[in-house]
Amino acid sequence: MLEFDDAQTRLANGAPRPQAATETALRDAAGLVLARDLTATLDLPSADNSAMDGYALRYEDCREGVALPIDQIVYAGHAPQPLQPGHAARLFTGSLMPAGADTVIMQEDTREADGKLEIARAPRQGQHVRRRGEDTAAGSPLLAAGTRIGPAQIALLASQGIARVTVHPAVRVGILTTGDELVAPGEARAPHQIYNSNGAMMAALVEGMAAQATQILHAQDNEAALKSAFQALARDCDLILSIGGVSVGDKDLVKPVLESLGATLDLWRVRMKPGKPVAMAHVDGKPVVCLPGNPVSAFAVFTVLVSPLLRRMQGRRDLFPQVSMLTLRTDTPRHDSREEFLRVRREVDNGGVGQLQAFDRQSSGVLSSLPWATGLARIPAGQTVYDGEKVAYYDFKHWLS
């Protein structure tokens, strides 16, 4: 069996970074990855403006008890007139600073009567003024190629007046579930059959990472059906994920079918629990990752092994999200000859310290543990980990996005 870290590295490098790029409207770019570095073309703010509702004045005129005539009202989006010495201008959050003014006093520190402003508490010089270019300066780096575009990135780009961006196309993922025992949800089920949860689960995992689950096929446990399904997916998809049929049983036919299609397994079987029967191959130059048929095992393998590969194919800069070291709370010591990934929930105690509570049943057949869990805790192979020790934590929030 291949060691987990080696398998993770091999899978992460199992496909080239994307070369194709396309231009798209900014509103359609959410989830996609920038293909080009972007540089700011505007100073933001574009001019000095007020950070508060209040009054603009010259600091040298600011003395408690002094009354200053208010010579203008400046609304956001309006152009102010220059400020005369010894005067004040009424303005609001976002209003441009009049020429000559250098300080804003917020309205709570003033009194206004008969068109004059009385200063109740003198401000600091330069207080409450947003300076031109203090957010972004024209010519400075804005976003780097390889950045996944989300709401924050869209806001930044829109603030620069950017309406279209160059991105890598979404990765097209084909999903193949296998097994004579599986029937689709909603169909009639015989006592010897179970519902197929893998197809819908894997599609949700793929689309949660902003890839496209373009085809979801199911094949019975025979070579002809499997071969036909793999060929169909290889024609239309960039990445193929198969679930089940990759172990060593009589009906585990995925490996010989892939070989019949000219594929050579780049890896097979990983020293991890759950998820040992994992394989990777290439068909017609397309990476194929074969996951175990157990839904819990497939979920864990996708999280820690497949997601870095998918990020690489998307063109992202960072393939491996953060891994935290947190305290594990477990009723029994954990020990295995393989790397074990426990389903855990991150909880915060009264002191604000995060801890990991292990699910009480860690069998790979316990599907109810997945919606309960917030991530996976890694128990090193060959080590005994006791309650209260720190372990590596793979947060679904980061690893599945």
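Predicted model: local features only at pLDDT ≥ 70, side-chain atom pairs only at ≥ 80, totals over all residues.
Two strands count as paired if DSSP finds at least two bridges between them. β1 and β13 are part of an open sheet of three strands, ordered β1-β13-β2, with antiparallel pairing. Its edge strands, each pairing on one side only, are β1 (22-25) and β2 (33-34).

The chain is assigned four domains: domain 1 (4-20 + 170-314), domain 2 (26-41 + 136-168), domain 3 (49-130) and domain 4 (324-400). These bounds come from an automatic or database domain assignment. Between the C-alpha centres of domain 2 and domain 3 the distance is 36 Å.

A further open sheet has six strands in the order β8-β5-β7-β6-β10-β9, and its pairing is mixed. Here β8 (103-106) and β9 (110-113) are the edge strands, each pairing on one side only. From one strand to the next the twist averages 40 degrees, with axes taken as lines fitted to C-alpha atoms and angles running from 0 to 180 degrees between N-to-C directions. β9 pairs with strand β10 (residues 116-119) in the antiparallel sense over four bridges. Within β10, K116 is the bridge partner of A113.

Aromatic rings come next. Rings of Phe, Tyr and Trp (its six-membered ring) pair if their centres lie within 6.5 Å; planes under 30 degrees apart count as stacked, over 60 as edge-to-face and the rest as tilted. By this rule there are six aromatic pairs. The ring centres of Y75 and F92 are 5.3 Å apart and their planes are at 5 degrees, so this pair is stacked. The pair links distant parts of the chain, 17 residues apart: Y75 is in the loop between β6 (67-74) and β7 (88-91), and F92 is in the loop between β7 and β8.

On a 1 Å grid over the protein atoms alone, a cavity is a set of points where a 1.4 Å probe fits but cannot get out, and a pocket is an open set with protein on both sides within 12 Å along at least five of seven lines; lining residues have an atom within 4 Å of a point. Grid points are joined across faces, edges and corners, and a volume is the space filled by probe spheres set on the points.

The largest pocket has a volume of about 290 Å³. Its lining has 14 residues, with P16, P18, V171, D238 and M313 nearest the centre. The second largest pocket holds about 220 Å³, and of its 18 lining residues T178, E181, L182, N198 and G293 are the closest to its centre.

There is one cavity of 30 Å³ or more. The largest cavity contains about 40 Å³ of space and is lined by G31, L32, V33, H168, P169, A170, A210 and Q314. Domain 1 and domain 2 each give at least three residues to this lining.

Conventions: Residues numbered from 1 in each chain as written. Heavy atoms only, no water. Helix = DSSP H or I, 4+ residues; strand = E, 2+ residues; numbered from the N terminus.
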